[in-house]
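Please look over the chain below before reading on. A set of questions and answers then goes through it part by part.

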Amino acid sequence: MKALCLLAPALLVCAAPAFANVTVSSPVNGALVVSPFSLAATASPCSAQPIASMGYSFDNSSNTTIVNGTSVNTHVSGAAGAHILHVKSWGNKGSSCVANIAITILPSPAAVVPSNAVAVTGIHTLKNWQATFDSGTGNGSSTGTMRIVGSPSVSGTAREFVTSYTNFGGERYSVLFGTDASATNFFYDTWIYPASPTSDIANIEMDLNQVMSNGETVIFGFQCDGWSGTWDYTTNGGTPQAPKDLWLHSTSSCNPRAWTTNTWHHVQIQFSRDNQGNVTYRSVWFDGAEQEINATVPSAFALGWGPALLTNFQVDGIGGSGSAIVYLDNLTVYRW
């Protein structure tokens, strides 16, 4: 099937749903996204002309972003609402082809964050990160190394986590980023890049720990669980003095081994607590798609900690032994 080409003033536009010159792998047609969203596309010769460059624009705007080469892999910002994303390619003699993708840009979940919220940005770049084996993952073992890299990255600076394990062991990476005993609402916002392959990853965990004014530590535990295929959250099944840390399954689906590899994924989590340390897990957004959790559970622990705001990023292994590489970028925690 040949592409249908329509002549317009100074423009040759080719459109063929079955065999389009421009192939857009992300976002898909009809997608709901949050700005900035991932744009990935490739182009084959347009009107038999080798591709010299590609570009993209919104709706009827004449403002086109140009990218040299035969592919585009970037993040694109846009206003909330329904749009037509035009992904274009140009041949070396001037021919132009385009794929038109209908998308809806949702209001950013960060809109739930009030203007007076305290934002700690660039947490992934802090120098006081530590790594340790999580004995709660069983009788295996794990080791982890970290380093700052420029690529892959969203911001230009990402943190690389290399985890090796035996017998389903998990490595917990943690960093202290402040103190605040009074904040009761939190919004966790980050980008995660699982390097191929991900067959050795059982779970990816993202936690926040806060010491309240009474000295008890609230654990906001959250993970993408590859065993159950769900987003999970923690609760204290005992008392603060005699705690029993438990994972509970939500009804929202997630499996880290199903995440597209070598791609940045946007993860955002909204949760809050009361003065007794009861935590409400409200929603999680994955690449802009919201999944409601709406679960309230007790999660206060008498651990004897001093004042602290601490976040954990954990990678758990699956099987007898293996290793995995995961990158973290733009880690921000809002609190109010």
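Q: How many helices and how many strands does the chain have?
A: The model is predicted, and its chain has 336 residues, of which 49% count as buried. The C-alpha atoms fill a box of roughly 75 × 45 × 35 Å along the principal axes. As for secondary structure, the count is zero helices and 26 strands.

Q: Of the contacts with a separation of 6 or more, what percentage is between residues 24 or more positions apart?
A: The contacts in question join residues with a separation of 6 or more in the chain. Those between residues 24 or more positions apart make up 68%.

Q: Is the disulfide of Cys-46 and Cys-97 right-handed or left-handed?
A: The sulfur atoms of Cys-46 and Cys-97 are 2.0 Å apart, and both residues are buried. Cys-46 is in the loop between strands E5 and E6, while Cys-97 is in strand E10, 51 residues apart. The torsion about the S-S bond is about 80°, so the disulfide is right-handed.

Q: Is the disulfide of Cys-224 and Cys-254 right-handed or left-handed?
A: The structure holds two disulfides, and in the one formed by Cys-224 and Cys-254 the sulfur atoms are 2.1 Å apart. Cys-224 lies in strand E18 and Cys-254 in the loop between strands E20 and E21, so the pair ties together parts 30 residues apart in sequence. Its S-S torsion is about -100°, so the disulfide is left-handed.

Q: Why does Cys-254 count as buried?
A: The cut-off for a buried residue is under 20% relative accessible area. Cys-224, the bonded partner, has 0% and counts as buried. Cys-254 counts as buried because its relative accessibility is 7%.

Q: Which residue forms a salt bridge with Arg-335?
A: Side chains of opposite charge can pair when their charged atoms come close. Arg-335 lies in strand E26 and its partner in the loop between E15 and E16, so the pair ties together parts 155 residues apart in sequence. The N to O distance is 2.7 Å, and both residues are buried. The partner is Asp-180.

Q: In the salt bridge of Arg-147 and Glu-160, is Glu-160 buried or exposed?
A: Arg-147 in strand E13 and Glu-160 in strand E14 are 13 residues apart, and their side chains meet at 2.7 Å, N to O. Arg-147 is partly exposed, with a relative accessible area of 48%. For Glu-160 the value is 7%, which makes the residue buried.

Q: Which residue of the hairpin of E22 and E23 takes a positive phi?
A: Strands E22 and E23 pair in the antiparallel sense over eight bridges. The hairpin has two residues between the strands. The residue with a positive phi, near 50°, is Asp-287.

Q: How far apart in space are Pro-307 and Ala-181, C-alpha to C-alpha?
A: Pro-307 is found in the loop between strands E24 and E25, and at 65% relative accessibility this residue counts as exposed. Leaving aside neighbours within four places in sequence, Pro-307 is in contact with Thr-179 and Val-211. Pro-307 and Ala-181 are 126 residues apart in sequence, but their C-alpha distance is 7.2 Å.

Notes
Residues are numbered from 1 along each chain as its sequence is written. This is a predicted model: local features need pLDDT of at least 70, side-chain atom pairs count only at pLDDT 80 or more; totals for chains, interfaces and linings use all residues. Side-chain values use heavy atoms; hydrogens and water are left out. Helices (H or I, at least four residues) and strands (E, at least two) are DSSP runs, numbered from the N terminus. Buried means under 20% relative accessible area, exposed over 50%, partly exposed in between (1.4 Å probe, protein chains only). Contact means heavy atoms within 4.5 Å. Two strands pair if DSSP finds at least two bridges between them. A disulfide is a pair of cysteine sulfur atoms within 2.5 Å. A salt bridge is a side-chain nitrogen of Lys or Arg within 4 Å of a carboxyl oxygen of Asp or Glu.
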